[in-house]
Amino acid sequence: SGDEFDGPTAAFRRLLKEVAGDERARVDALVVLSQRTVFVATWPTDPDGGIRTLTSSSGDTAMPVFSGLEVLKEAAQRFGWMNP
């Protein structure tokens, strides 16, 4: 479903897929990320706009970053972030 994304977003997504285990690609991805608009989910009750995180069953925590607003909306529905 990547057809709805512009060229730079599609290229960024391809780069993210390539970074696993490749330190140079990881650095490249961070540079590209710093040049893109990204979206994160926030806590609606936090006046400072605290960023939501995900926690795995083993206790690992991650901050999900989304390359498009539609992808963020899909994740928000999946994880129940749309509920108050």
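Accessible areas here come from the Shrake-Rupley method with a 1.4 Å probe, and for residues only the protein chains shown count as cover. By that method, the protein exposes about 6,200 Å², and carbon and sulfur atoms supply 54% of this area.

Welcome to the structure above. It is a predicted model, in which local features need pLDDT of at least 70 and side-chain atom pairs count only at pLDDT 80 or more, while totals for chains, interfaces and linings use all residues. Residues are numbered from 1 along each chain as its sequence is written, and side-chain values use heavy atoms, with hydrogens and water left out.

## The overall picture

The secondary structure comes to 3 helices and 2 strands. Helices (H or I, at least four residues) and strands (E, at least two) are DSSP runs, numbered from the N terminus. The C-alpha atoms fill a box of roughly 40 × 30 × 25 Å, taken along the principal axes.

Of the 84 residues, 21% count as buried. Buried means under 20% relative accessible area, exposed means over 50%, and partly exposed lies in between (1.4 Å probe, protein chains only). A contact means heavy atoms within 4.5 Å. Among contacts between residues at least 6 apart in sequence, 39% join residues at least 24 apart.

## Charged pairs on the helices

Side chains of opposite charge can pair when their charged atoms come close. A salt bridge is a side-chain nitrogen of Lys or Arg within 4 Å of a carboxyl oxygen of Asp or Glu. The structure holds 3 of these bridges, and here they are:

| Pair | N to O distance |
|---|---|
| Arg 26 and Glu 23 | 3.0 Å |
| Arg 24 and Asp 28 | 3.2 Å |
| Lys 73 and Glu 70 | 3.7 Å |

Start with helix 2 (residues 23–34), where Arg 26 and Glu 23 are 3 residues apart and so are separated by about one helical turn. Arg 26 is partly exposed at 36% relative accessibility, while Glu 23 is exposed at 52%. Arg 24 and Asp 28 also lie in helix 2, 4 residues apart, about one turn of the helix. Of these two, Arg 24 counts as exposed at 56% relative accessibility, and Asp 28 as partly exposed at 29%.

Next comes helix 3 (residues 69–78), which holds Lys 73 and Glu 70, 3 residues apart, about one turn of the helix. Lys 73 is partly exposed, with a relative accessible area of 40%. Glu 70 is partly exposed too, at 48%.

## The largest pocket

On a 1 Å grid over the protein atoms alone, a pocket is an open set of points where a 1.4 Å probe fits, with protein on both sides within 12 Å along at least five of seven lines; lining residues have an atom within 4 Å of a point. Grid points are joined across faces, edges and corners, and a volume is the space filled by probe spheres set on the points. About 190 Å³ of space lies in the largest pocket.

Its lining includes Phe 12, Leu 33, Phe 66 and Val 71. Helix 1 (residues 7–18) gives the most to this lining, with 3 residues. By class, the lining has 7 nonpolar, 1 polar and 1 charged residues. Here Ala, Val, Leu, Ile, Met, Phe, Trp, Tyr, Cys and Pro count as nonpolar, Asp, Glu, Lys and Arg as charged, and the others, Gly among them, as polar.

## A stop in a loop

Thr 45 lies in the loop between helix 2 and strand 1 (54–55). At 72% relative accessibility, Thr 45 counts as exposed.
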